[in-house]
Amino acid sequence: MRMLNEWIAVGAAGAVGWPWLLKSLGDGGPMARAALLARTGLDDDALPDLGSWRADADFLNIIATEILERRPKTVVELGGGTSTLVAAHCLEKIGGGRLVSIDGSEPFADATREMVHARGLEAEVRAAPLDYQENGWPGAWYAPVPLPDRIDLLIVDGPPWFLHPMVRGAAATLFDRIPSGGTVLLDDAARPGERLVARRWKREWPDFTFHRVTNTAGTLIGRRR
């Protein structure tokens, strides 16, 4: 019954939210890519084509700004890839920090690990298979893996929406690890499912201030007071 209900939710979200879903597959545009390269100092050939299932340039710009300006010591990301490369590069620029990246696919985690290490960067990339858990949120979630007790920056770009429109809401199970002044970033925040997630987060976590940045796919930024 649970699986049936979740497939119904996915179908309904796709039917109603297809304009936002299409936007979430965009690359952010050449101006955002150029701004990202200028901000980070990365070479253009260091970045693959963006968009589709990869983070777009708008979201990558926000990640880069958060790290370069707020200088987190520990970064955890849910759903890795190009964002792992950008985060690892920016941490190196500020003198170091710990980056832990979680992905639900072992082959994708391997590819991310190889991409980061090929640039001489450091990241702890871990595969955590997706499975149904009793965490108060719909959809499959990452299997438990060791994570830092303190998370200064939490980047949420997974699991994929087709598991359930609100599947990324379970990232809130890590909010207790975010200290005062820490930040959570939720990608694709303009989609209907993520808007419902944001509404619930605001209600259940009043010690965070949340606001949504209007960009290609939308980014929700939450800071703990």
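**Sheet architecture and flanking helices**

Helix 6 (residues 192-204) lies across strand 7, strand 8 and strand 9, running at about 160° to strand 7. Helices (H or I, at least four residues) and strands (E, at least two) are DSSP runs numbered from the N terminus; contact means heavy atoms within 4.5 Å; axes are lines fitted to C-alpha atoms, for helices over the stretch in contact, with angles from 0 to 180 degrees between N-to-C directions. The model is predicted, with local features requiring pLDDT of at least 70 and side-chain atom pairs counted only at pLDDT 80 or more, whereas totals for chains, interfaces and linings use all residues. Residues are numbered from 1 along each chain as its sequence is written, and side-chain values use heavy atoms, leaving out hydrogens and water.

Helix 3 (residues 57-70) lies across strand 6 (153-156), strand 7 (183-187), strand 8 and strand 9, at about 170° to strand 7. The open sheet comprises 7 strands in the order 3-2-1-6-7-9-8, with mixed pairing; two strands pair if DSSP finds at least two bridges between them. Strand 3 (124-127) and strand 8 (208-213) are the edge strands, each pairing on one side only. From one strand to the next, the twist averages 15°. Strand 8 pairs with strand 9 (residues 219-224) in the antiparallel sense over 6 bridges, and Phe208 has Arg224 in strand 9 as its bridge partner.

Ala127 belongs to strand 3. With 23% relative accessibility, Ala127 counts as partly exposed, a class between buried (under 20% relative accessible area) and exposed (over 50%), for a 1.4 Å probe and protein chains only. Beyond its neighbours within four places in sequence, Ala127 contacts Asp103, Ser105, Glu106, Ala109 and Val145. The C-alpha atoms of Ala127 and Asp110 are 8.4 Å apart, with a sequence separation of 17 residues.
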